[in-house]
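Please look over the structure below before reading on. My comments follow as numbered points.

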Amino acid sequence: MKKNIFVALDFNSLDKAIDATKKIKDKIAGVKIGTELYAICGTEGLKKFKEVGVEIFLDLKLHDIPNQVKKTVAAIASLNNVKYLTVHTSGNYEMLKAAQQAAGSIELLGVTVLTSQSNLEGVGVKNSMENQIKLLVNLAIKAGISGVIASAQDVSLIRSLSKELKIFCPGIRSGEDKQDQKRVVSYADFSKIADDKCFAVIGRPIIEGDPIKNIKKIIESSKK
């Protein structure tokens, strides 16, 4: 079975997050720990996930002056628990390059346009969605980081710029339910366009209810 799902552990309890991870760890590529759970579990909690035997994708979306980001990345790299760490590509090339210099064995993923965002003009960006994504992806390529975070709707556009970047796609749903996302794709449709360096990031459709049944249903949807 191809393991291309990272489960977003959107819990406010470390015990619940660990329990869900243990149930589905053999069916997934890894887990995503966002700011809420990290605020609760901290670096000690990361060790517990590592002990469970899953790859950790730490989604902190770092965005600060280059030196501060560099020091933060170095601190996280020193833990030897994290496989992937996110930084904002909009932090500019200097920030991304500084982060990469401190990454060590961590693979950095650059956040492009959030999947909850459909109105760039609302934050003063005059570029079209396509041009803004191109700009940010090219910054990631120039800085030499491992991958990007982007909507699955943008996979073909990103692949026209790079065949090597890893692409992590939030906003993947089991069906048509968008929840708080705007630019979404079903897992079945994602599977049709995803190559071996594309990963789906799925949270609530898996962790709400029975995670074992939920992930089985999602995986089966791609085989129809």
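1. A polar contact here is a pair of N or O atoms within 3.5 Å; within protein, one must be able to donate a hydrogen and the other to accept it, and residues adjacent in sequence count only if both atoms are side-chain atoms. The model is a predicted one, in which local features need pLDDT of at least 70 and side-chain atom pairs count only at pLDDT 80 or more, while totals for chains, interfaces and linings use all residues. Residues are numbered from 1 along each chain as its sequence is written, and side-chain values use heavy atoms, with hydrogens and water left out.

2. At the start of helix α4 (residues 93-102), a side-chain oxygen of Asn92 comes to within 3.1 Å of the backbone nitrogen of Glu94. Helices (H or I, at least four residues) and strands (E, at least two) are DSSP runs, numbered from the N terminus. After α4 comes Gly104, with a positive phi near 60°.

3. In strand β5 sits Glu107, which counts as buried because its relative accessibility is 16%. The side chain of Glu107 makes a polar contact of 3.0 Å with that of Lys166. Leaving out residues up to four places away in sequence, Glu107 touches Lys83, Tyr84, Leu85, Ser146 and Lys166.

4. In a regular strand the side chains alternate between the two faces of the sheet. From strand β1 (residues 5-8), Ile5 and Val7 point one way and Phe6 and Ala8 the other, and all are buried. Strand β1 pairs in the parallel sense with β10 (residues 198-202) over three bridges, pairing requiring at least two DSSP bridges between the strands, and Val7 stands opposite Ile202.

5. Ser13, in the loop between β1 and α1, counts as buried because its relative accessibility is 18%. A polar atom of the Ser13 side chain lies 3.2 Å from the backbone nitrogen of Lys16. Apart from neighbours within four places in sequence, Ser13 is in contact with Leu37 and Ile40.

Definitions and conventions. Buried means under 20% relative accessible area, exposed over 50%, partly exposed in between (1.4 Å probe, protein chains only). Contact means heavy atoms within 4.5 Å.
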